Amino acid sequence: MDVTELVKDHYSGGDLASRVLAAVSNDAPGSSALTWADLAGVDNLHAGGLPATRYLLSALDLSATDRLLDVGCGIGGTARCAAADHGCQVLGVDLSDDFVRVAEILTERFGLADLVDFATTTGDLSPIDDGSFDRATLVHVGMNVPDKPALFADVHRVLRPGGRFGLYEQMRTGDGDLTYPLPWALDDQSSFVATVDEYLDALRGAGFTIDLVQDRTADTVGPPPAGPGPEVIFGAQFRTRVANNVDATASGTLGAVVVTATRT
Ligand SMILES: C[S@@+](CC[C@H](N)C(=O)[O-])C[C@H]1O[C@@H](n2cnc3c(N)ncnc32)[C@H](O)[C@@H]1O
């Protein structure tokens, strides 16, 4: 299997939307007033959950007139948060048909479909017009992307001049081997963790100016919030993957890093 197929296979599953909705409904039995934010434990597939999403989006100064592209949108947590909190139009794109379908169902269910669309892509952004977005985000995706310079060149192309790109990624912050499975990959065939400097070099090479680099690891440690979590999607063995990630973080090998950059 090539890398794209391995990544798609990793982020897939049958009837995920029903599982997610059942899990959040069971967590709040009798509640007829669930909101998009009740999905937070399940639909933020990254360290630090919804607070980390909100931190990144705030760093991008989003406004209601902005169009945001969320690359590797997963099941749509970041896209829904951007639309609900900032009122902007969002397009979320992802390799996984299964995840895009779940993202659409959940977004419709929580009344945000007039602001948020989703599309399946094949690993690049070729269907998207030049300069058609004001902001772009990449949240815990680059670890699955072997050619980050190519992806960042694509993001640069689809942003308007002066547009801003926010990344929140697991980056290599120290020496040491990684122990698999990790949340994003079962082994090193589909894992391409890079250092902070490698990210910054790739962004500059694509034509971005770096505005902010911030290690957010300390803000993301601690027990997960009560209620259903990503194991609803990935199954019980997801805890082993998270435990390996936590160990790598505790030893300083991995960190959760925010970068924002402006398209020159
Ligand atoms: C760890 S999940 C994060 C999902 C989402 N950004 C979030 O934080 O909830 C990584 C996602 O990136 C997607 N992905 C990986 N490589 C991609 C690529 N080249 N283009 C689009 N999506 C990609 C995967 O299919 C998966 O849904």
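A residue counts as partly exposed when its relative accessible area lies between the buried limit, under 20%, and the exposed limit, over 50%. By that rule Asp85, with a relative accessible area of 35%, is partly exposed. The model described here is predicted.

The side chain of Asp85 meets that of Arg54 in one of them, with 2.7 Å from N to O. This pair links distant parts of the chain, since Arg54 belongs to helix 4 (residues 49–59) and Asp85 to helix 5 (residues 77–86), 31 residues apart. Arg54 has a relative accessible area of 34%, so this residue is partly exposed as well.

Arg160 forms a salt bridge with Asp134, and the closest N and O atoms are 2.7 Å apart. Here too distant parts of the chain are linked: Arg160 is in strand 5 (residues 159–172), Asp134 is in strand 4 (residues 133–139), and 26 residues separate them. The two partners fall into separate accessibility classes. Arg160 is partly exposed at 30% relative accessibility, whereas Asp134 has a relative accessible area of 15% and is therefore buried.

The side chains of Asp201 and Arg204 meet in a salt bridge, at 4.0 Å from N to O. Why can these two be described as about one helical turn apart? Both are in helix 8 (residues 196–206), and they are three residues apart, which means a separation of about one helical turn. Asp201 is exposed because its relative accessible area of 52% is over 50%. Arg204, at 47%, is partly exposed. Elsewhere, salt bridges with shared partners join Asp61, Arg164 and Asp211 into one network.

The next feature is a pocket. The second largest pocket holds about 170 Å³ of space. Which element gives the largest share of its lining? That element is helix 1 (residues 3–10), which contributes three residues. The lining of this pocket includes Leu6, Asp9 and His10. Also in the lining are Ala185, Leu186, Asp187, Gln189 and Ser190, together with Arg241. Sorted by class, the lining has three nonpolar, three polar and three charged residues.

Terms used. Residues numbered from 1 in each chain as written. Predicted model: local features only at pLDDT ≥ 70, side-chain atom pairs only at ≥ 80, totals over all residues. Heavy atoms only, no water. Helix = DSSP H or I, 4+ residues; strand = E, 2+ residues; numbered from the N terminus. Buried < 20%, exposed > 50% of the residue type's maximum accessible area, 1.4 Å probe, protein only. 1 Å grid on protein atoms, 1.4 Å probe; cavity = no way out; pocket = protein on both sides within 12 Å on 5 of 7 lines; lining within 4 Å. Points joined across faces, edges and corners; volume = space filled by probe spheres on them. Nonpolar A, V, L, I, M, F, W, Y, C, P; charged D, E, K, R; others polar.
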